[in-house]
Amino acid sequence: MKLELPIYLDNNATTPMDPRVLEAMLPYFVEKFGNAASRNHSFGWVAEDAVDYAREQVAKLINADSKEIIFTSGATEANNLALKGVFEMYASKGNHIITCTTEHKAVLDACKHIEKQGGQVTYLDVQSDGLIDLAQLEAAITDKTILIAIMYGNNEIGVVQPIREISNIARKHGVLFFTDGTQAVGKIPVDVLADGIDLMSFSGHKMYGPKGVGVLYVRRKNPRVKVTSQMDGGGHERGMRSGTLNVPGIVGLGKACEICMHEMESEAQRLSAMRDRLENSLMELEEAYVNGNREHRLPHTTNISFKYVEGEGLMMGFNKNIALSSGSACTSASLEPSYVLKALGLGDDLAHSSLRFGLGRYTTDEQIDFTIEAIKSTVLKLREMSPLWEMHKEGIDLNSIEWAHH
Amino acid sequence: MAYSEKLIDHYSNPKNVGTLDKGKTNVGTGLVGAPECGDVMRLQIEVDEVSGMISDAKFKTFGCGSAIASSSLATEWLKGKSIDEALLIDNMDIVEELNLPPVKIHCSVLAEDAIKAAINDYRVKNGLPEMVSEKKAH
């Protein structure tokens, strides 16, 4: 097979849409354009049927009931709705939420907002492998705690939290459990019943579906969970999320879920084999470190720091041909490197030196071969240019140097 | 964020990567930045004792492409200049030459700092008073 460039290895940022998804969506733009809330004519019925069907497809993937699926504009909205919605709905019960420092910004910033509204939020530290400490979690619960919000799989390092243990603790204390499933749903088996999840957010565009559509799963039985809507209007989605339904997006998300349901298992095996090969080859370089737990993690993700080279400088060596992310500050306007990597206890120097690889449905062995070669040669070239590498090789302890801090 | 061709060329084919003997009295070394901040530049000049001109310049940089290109360009500009001429190199000259985007201006400031630090090191080694620089990165 001929290798086509550029290679896309940033599937944790977004995935390309599966052509089968696009095909399912197309009729719902022009021909079947109806409003799913139009109850009195066939245009509306057609749209509603399509939404109902998609709702089933989505529910099936996570072993939920279709009535428990609330469509949103994406995971960010679903995260906001879960956190703020629970905070408002359960205000009489308490005002305390427990989350952790490696959550997505949509969760952390919603928590910050809640704190301004008089809520109390505990941000659990993670251990050096990215996993939370269950004893710490349990110890943080108070009689005011209403919600535990811990993500399923991490977007930067791919670490999968002990979801069932967390939900057991939540159950034991009568606290609701919300998980951000954006990176996990469609990639690994997620079962809201077996996992004991009360609320879960996820998004279409991380699972080969369209952008602009997501889900909040809200449990209806044992316990019956409710969230206060964050947008007022026509009372769509059982009153929890008003706004005309994005019918083509929802149809696409449904199709994406159905495809994942059928292909997830074999796909996970294929991707983890490729990921491991990539990782093992890159670890042949000196001073390369995998960030996060290597056992409990998503099959398609790895995050590696190449000490003494800077992430953005590294990416420039191959970003014409390979699309990746870095935990380096230089990729953003801020000068702070990845807060997730820092939460693992990585020094800023290692955080600046990290690359995140997100493999996906269209990643091939040839692409991985090319990537291994490109990254290895760039790391070696930049180390030859790196004063830190030279010092390291001369046995100079970099911590002994008084750096001119900015 | 597309970088200029000049910048990419300096990154891909950097000029004057290497190390000069810092034990020599006619070699000045400047080491600026910090690993935690994501960029460290080491810039060295060798001064011809007869002519007083910078006969050689080398760098090694840990940092993004703009930092590498800024230091590569700085070494190119330094060669053949007198110390006084070298002191006239302004970070904005680097910004202009490489067409650095606003978020990368600090790379050029760091390169200017590295030039000044190398010159200072040379001055101190040769019994001249240290200069006080008013411009500092960040």
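**Figure 1. Contact between the two domains of chain A.** In this predicted model, 23 residues of domain 1 of chain A are in contact with 23 residues of domain 2 of chain A; two residues are in contact if their C-beta atoms, placed from the backbone, lie within 7 Å. On the side of domain 1 of chain A that touches domain 2 of chain A, at least two residues each are supplied by α7 (247–282), β10 (301–306) and α9 (339–343) of chain A. Helices (H or I, at least four residues) and strands (E, at least two) are DSSP runs, numbered from the N terminus. By class, this side of domain 1 of chain A divides into 8 nonpolar, 12 polar and 3 charged residues. Ala, Val, Leu, Ile, Met, Phe, Trp, Tyr, Cys and Pro count as nonpolar, Asp, Glu, Lys and Arg as charged, and the others, Gly among them, as polar. Domain 1 of chain A comprises 7–12 + 264–400 and domain 2 comprises 19–260, with bounds from an automatic or database domain assignment. Their C-alpha centres lie 30 Å apart.

**Figure 2. Interface between chains A and B.** Here 27 residues of chain A are in contact with 26 residues of chain B. Elements α8 (311–316), α10 (348–352) and α12 (387–393) of chain A give two or more residues each to the side that touches chain B. That side of chain A has 14 nonpolar, 7 polar and 6 charged residues.

Figure 3. Three strands form an open antiparallel sheet in the order β1-β2-β3 (chain B); two strands pair if DSSP finds at least two bridges between them. The edge strands, β1 (27–34) and β3 (54–62) of chain B, each pair on one side only. Strand β2 (residues 39–47) of chain B is joined to β3(B) by 8 bridges, and B:V47 stands opposite B:I54 in β3(B). Helix α2 (residues 65–78) of chain B packs on the sheet against β2 and β3 of chain B, its direction making about 175 degrees with that of β3(B). Helix α5 (residues 105–125) of chain B touches β1 and β2 of chain B, at about 140 degrees to the direction of β1(B). Axes are lines fitted to C-alpha atoms, for helices over the stretch in contact, and angles run from 0 to 180 degrees between N-to-C directions.

**Notes.** Residues are numbered from 1 along each chain as its sequence is written, and chains are lettered from A and ligands numbered from 1 in the order in which they are written. For this predicted model, local features need pLDDT of at least 70 and side-chain atom pairs count only at pLDDT 80 or more, whereas totals for chains, interfaces and linings use all residues.
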